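Good morning, and thank you for coming. Please take a moment to look at the sequence and the structure before we discuss them.

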Amino acid sequence: MVSISVVVPSYRRTKDLIQCLKGLDQQKIPPLEVIVVYRSSDEITENAVKKWMESPAPYVKKATVVSMPGMLAAMKAGSCAAEGEVIAFTDDDAVPRPEWIERLAVCYQNPLVGGAGGRDIQPGIKSSGPDTQVGILTWYGKLIGNHHIGSGAARNVDVLKGVNMSFRSDLLQLPEGLKGSGAQVHIEVHICLRIRKLGFKLIYDPRIEVDHYPAPRFDADQRNKIVPEAVVNAAHNLQYGILNQRGNFIRTPMRLLYASLVGDRSVPGLARFSFALLRKEKAIVRSFVPAQKGLWKGLVRYMKSGSPKEAREV
């Protein structure tokens, strides 16, 4: 069985963090180590982590401090401290169920599997039918999530969700320069599409479960609230991630057409904006201009960076 390091970035959510760590204490098969990453300015988390470090556990406990804000800096610090063959990530507002580590490890019995993850169960949200698509990037550039409602058998996907994902440590490469000072939305898109492009599989198994209690964020990217800056950042990160790892002479123009002319709730294009006007969906209407601005910024960055070479996918 592979050795698994768990990285938990945390910022000013000590009650949630304590519950997360209790979930890791109750794993049927313990991880190799658990690494909590917190900011140097976050005294309340520092105190909670010091207390956690004093109690015994069937795994190695580590704490890593970062000075830079943002999820990306925390994930990098945690990954650098990890010694496992697999690095698993979860959020401080999630509680892994007892079989989490065990079921992650099973996926890596196949050497072609580069990453694995599962469902984040959220209060009041039921699972969907087994035919619901999860974690798929369509040929025309639409990203389908649905990780929180997936059911049925384990299946190959293109993207896992940050709250419940893991990767072989020798394949993990975190992106550079994403927009945002806190959550830095769509980090996982960059990580996952790169591993897929290298020719490895990503497995989504709905039985790999964490209970997710989405907590407030302490940056521009607020849950259930439209902040133009956060919309720009998210759209940029998504656009650049998709184009940088999946762009070619067919996929790039299709992605650009879909994003600008169609879009979805979080990053609306012209059609979704028009539909929102008719239905008086104020949040989506307010998102349209900053979303398009972010998409344009993502395209410009992709063009400046140069189109990456093609790679085989399995």
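Predicted model: local features only at pLDDT ≥ 70, side-chain atom pairs only at ≥ 80, totals over all residues.

Which residues of the largest nonpolar core touch the most other members? They are F89, L160, F167 and I191, in a core of 38 residues. A nonpolar core here is a set of buried Ala, Val, Leu, Ile, Met, Phe, Trp, Tyr and Cys residues joined through side-chain atoms within 4.5 Å. Buried means under 20% relative accessible area, exposed means over 50%, and partly exposed lies in between, with a 1.4 Å probe and protein chains only.

Residues are numbered from 1 along each chain as its sequence is written, and side-chain values use heavy atoms, with hydrogens and water left out.

To return to the core, the elements that give two or more residues to it include β2 (33-39), β4 (86-90), α6 (228-246) and α9. Helices (H or I, at least four residues) and strands (E, at least two) are DSSP runs, numbered from the N terminus. The element that gives the most is α5, with six residues. A second, separate core has 29 residues, among them A88, W100, C107 and V210.

Let us consider F89 itself. Leaving aside residues up to four places away in sequence, F89 touches V7, M75, W100 and F167, among others; contact means heavy atoms within 4.5 Å.

My next topic is a pair of helices. Two packed helices are described by the angle between their axes and the distance between the axes. The axes of α7 (residues 251-261) and α9 (residues 282-305) come within 11 Å and cross at roughly 165 degrees. Therefore α7 is roughly antiparallel to α9, a term for angles over 145 degrees. Axes are lines fitted to C-alpha atoms, for helices over the stretch in contact, and angles run from 0 to 180 degrees between N-to-C directions. On the α7 side, the contact is made by T252, R255, L256, A259 and S260, and on the α9 side by Q292, L295, L299 and Y302.

Finally, I turn to the backbone. Most residues other than glycine have a negative phi. H186, however, has a positive phi near 80 degrees. H186 lies in the loop between β10 and α5, and counts as buried at 17% relative accessibility. K280 also has a positive phi, of about 60 degrees. K280 is found in the loop between α8 (270-279) and α9, and is exposed, with a relative accessible area of 71%.

Key: Parallel < 35°, antiparallel > 145°, perpendicular 65-115°, else oblique.
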